[in-house]
Amino acid sequence: MKRNYDIDEINSLQSEINHMDPVDLAESFDEMSVKEIMLRFKLLDKDLAADTFAEMDRDKKREIIERFSDEDVEELITELDEDELVDTLQELPANMVRRVMDEFVVGDRRRVINRLLGYPKDSVGSIMTVEFLSAKATSTCEDVLKRVISSDLDADKLEQIWVTDKSLVLLGYVYLADILRSPDSVLEDLLEPLPGSIEATDDQEIVAKIAYRYDLSEIPVTDSEGRLIGIVPVEDAIDVMREEYEEDLSNIHGIQESSDDSYLDRSIFAIAKDRTTWLIICLITATMTGFIIQRYESLLAASVALTAYIPMLMDSGGNAGSQASTTAIRFLYTGDITFADTLNVIWKEARVGLMTGFVLVVVNFIRMTILGPETLAIKLTVSLTLLITVTLSKVIGGMLPLIADKINVDPTVMAGPIITTLVDTFALLVYFEVASHLLNL
């Protein structure tokens with residue numbers, strides 16, 4: 001149904017949307033037709049329009065580029081920051097990328113975009129921006145202030161001035177506020193130490209780690225020789241944190257998410273496909289537990305009471321291993337532990353396992369005494385197995401993420417189905433071997 005707007009309504013709408021945050025605007029556009037979105041884009045300030053476009057989902061971006069006039073697309077592309085334009089191009093189909101690059105990205109900017117597009121997906125270079133202000137350490141604050149005043153960079157990109165030596169090697173940074181307070185100084189007198197930097201070819205996850213560890217609002221990016229080539233704003237680091245968290249959560253629970261579409265937009269077949277892979281792997285690896293039970297079939301036949309405690313032992317071991325792996329992954333992420341600390345982690349988790357295992361043994365022994373008619377030998381068998389299983393599970397859970405990180409495998413892959421399968425196998429082996437010796441079966 002066609003809707004008519006009067007002048008007062010349009011003015012009111014313009015005032016309203018120009019005071020909205022670009023994230024909220026982009027979200028509100030999800031429920032609108034392209035025609036309604038186009039009207040609102042016409043009413044938005046240029047900078048706000050570009051920021052809003054950068055926050056929109058890829059399907060809406062495609063529709064806007066297809067429906068907008070060449071002049072409107074050019075204006076929009078021009079206002080996008082380099083990193084935002086790269087993100088947009090990576091979401092568009094190849095034919096649309098060629099059109100945007102050929103018609104709307106020219107000159108020096110084209111070379112910059114081509115370089116950023118050349119970095120591997122999920123690398124630091126693919127998310128960094130080249131919009132920053134740097135100066136030599138010998139520059140005076142007065143000269144830098146003149147450059148700040150004449151700069152067309154957004155205010156948030158001028159809060160820190162990056163300081164280099166004569167060879168453009170990054171030395172540190174100076175806050176704009178300090179420059180304003182000391183206009184007669186030189187930059188090297190105000191230099192803040194550089195807690196950390198990353199290279200453009202590093203994995204983007206490192207950005208989140210450094211931002212978290214050092215509370216940086218911008219993370220400098222250097223080449224292999226330490227020369228400043230870009231920065232990653234903290235808002236992009238937060239996006240990386242969210243992406244890595246979602247990926248880690250999926251790995252821990254054995255889910256392979258192959259699409260960025262929202263949950264309600266994805267087909268049930270795609271969701272089922274992503275979830276089935278790990279279930280099949282678990283199904284196959286669980287065959288080991290079946291073989292073990294078959295091997296000790298005669299033992300179970302001689303003492304049927306042992307069967308009742310298999311689920312409890314396997315669950316206790318699996319939960320203990322998951323606790324240890326989650327802790328190890330957390331401290332791996334923050335940089336508190338590395339592969340070099342493997343022996344220390346094993347020793348620590350072994351002691352933790354013995355302590356928690358002993359408490360569980362006491363509780364379980366009391367439970368079996370109150371609720372079960374089992375003999376003392378069976379109680380001791382279950383209790384000793386529980387102690388060994390929990391201790392081994394803690395050691396395995398703490399060790400595997402460190403090994404995975406060393407061989408460049410996502411540690412969270414080890415935190416879910418793999419640890420559960422390994423622990424189940426060890427729990428059964430320990431259980432039946434202990435039973436064989438204590439029960440003389």
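**Figure 1. Asp-70 and its salt-bridge partner Arg-99 in the predicted model.** Asp-70 is partly exposed, with 39% of relative accessible area. Its side chain forms a salt bridge with Arg-99, and the closest N and O atoms of the two residues are 2.8 Å apart. Asp-70 belongs to helix α6 (residues 70-79) and Arg-99 to helix α8 (residues 94-104), so the pair ties together parts that are 29 residues apart in sequence. Arg-99 is likewise partly exposed, at 22% relative accessibility. In general, side chains of opposite charge can pair when their charged atoms come close.

**Figure 2. A second salt bridge of Arg-99, formed with Glu-103.** The side chains of Arg-99 and Glu-103 meet at 3.9 Å, N to O. Both residues lie in helix α8; because they are four residues apart, about one helical turn separates them. Glu-103 has a relative accessibility of 43% and therefore counts as partly exposed.

**Figure 3. The salt bridge between Arg-181 and Asp-178.** The distance from N to O in this pair is 3.1 Å. Arg-181 and Asp-178 are both in helix α12 (residues 176-181), three residues apart, so about one helical turn lies between them. Arg-181 counts as exposed, with 63% relative accessibility, whereas Asp-178 is partly exposed at 21%. Elsewhere, salt bridges that share partners join Asp-70, Arg-99 and Glu-103 into one network. The structure as a whole holds nine salt bridges.

**Figure 4. The open sheet formed by strands β4, β5 and β6.** The three strands follow the order β4-β5-β6, and their pairing is mixed. Strands β4 (198-199) and β6 are the edge strands, each pairing on one side only. In general, the strands of a sheet pair through backbone hydrogen bonds, in either a parallel or an antiparallel manner. All six residues of β6 (residues 228-233) are buried, so this strand is largely enclosed by the rest of the structure.

**Figure 5. Pairing of β5 with β6, and the hairpin that they form.** Strand β5 (residues 218-222) runs antiparallel to β6, and five bridges join the two. Within this pairing, Ile-219 stands opposite Val-232 of β6, and Pro-220 stands opposite Ile-231 of β6. In a regular strand, side chains alternate between the two faces of the sheet. Five residues lie between the strands of the hairpin, where Gly-226 takes a positive phi near 85°.

Figure 6. When residues up to four places away in sequence are not counted, Glu-244 touches Asp-203, Gln-204 and Glu-205. Gln-204 is 40 residues from Glu-244 along the chain, and 9.3 Å separates the C-alpha atoms of the two residues.

Figure 7. With a relative accessible area of 12%, Thr-342 is buried.

**Figure 8. The largest cavity and its lining.** A search of the whole structure finds one cavity of 30 Å³ or more. The largest cavity contains about 40 Å³ of space. Its lining consists of Ile-388, Thr-389, Leu-392, Ser-393, Ile-396, Val-423, Phe-426, Ala-427 and Val-430. Helices α21 (376-406) and α22 (417-438) each supply at least two of the lining residues. Helix α21 provides the largest share of the lining, five residues. By class, the lining has seven nonpolar and two polar residues, and no charged residues.

Methods. Residues numbered from 1 in each chain as written. Predicted model: local features only at pLDDT ≥ 70, side-chain atom pairs only at ≥ 80, totals over all residues. Heavy atoms only, no water. 1 Å grid on protein atoms, 1.4 Å probe; cavity = no way out; pocket = protein on both sides within 12 Å on 5 of 7 lines; lining within 4 Å. Points joined across faces, edges and corners; volume = space filled by probe spheres on them. Nonpolar A, V, L, I, M, F, W, Y, C, P; charged D, E, K, R; others polar. Buried < 20%, exposed > 50% of the residue type's maximum accessible area, 1.4 Å probe, protein only. Pairing = 2+ DSSP bridges. Salt bridge = Lys/Arg side-chain N within 4 Å of Asp/Glu carboxyl O. Contact = heavy atoms within 4.5 Å.
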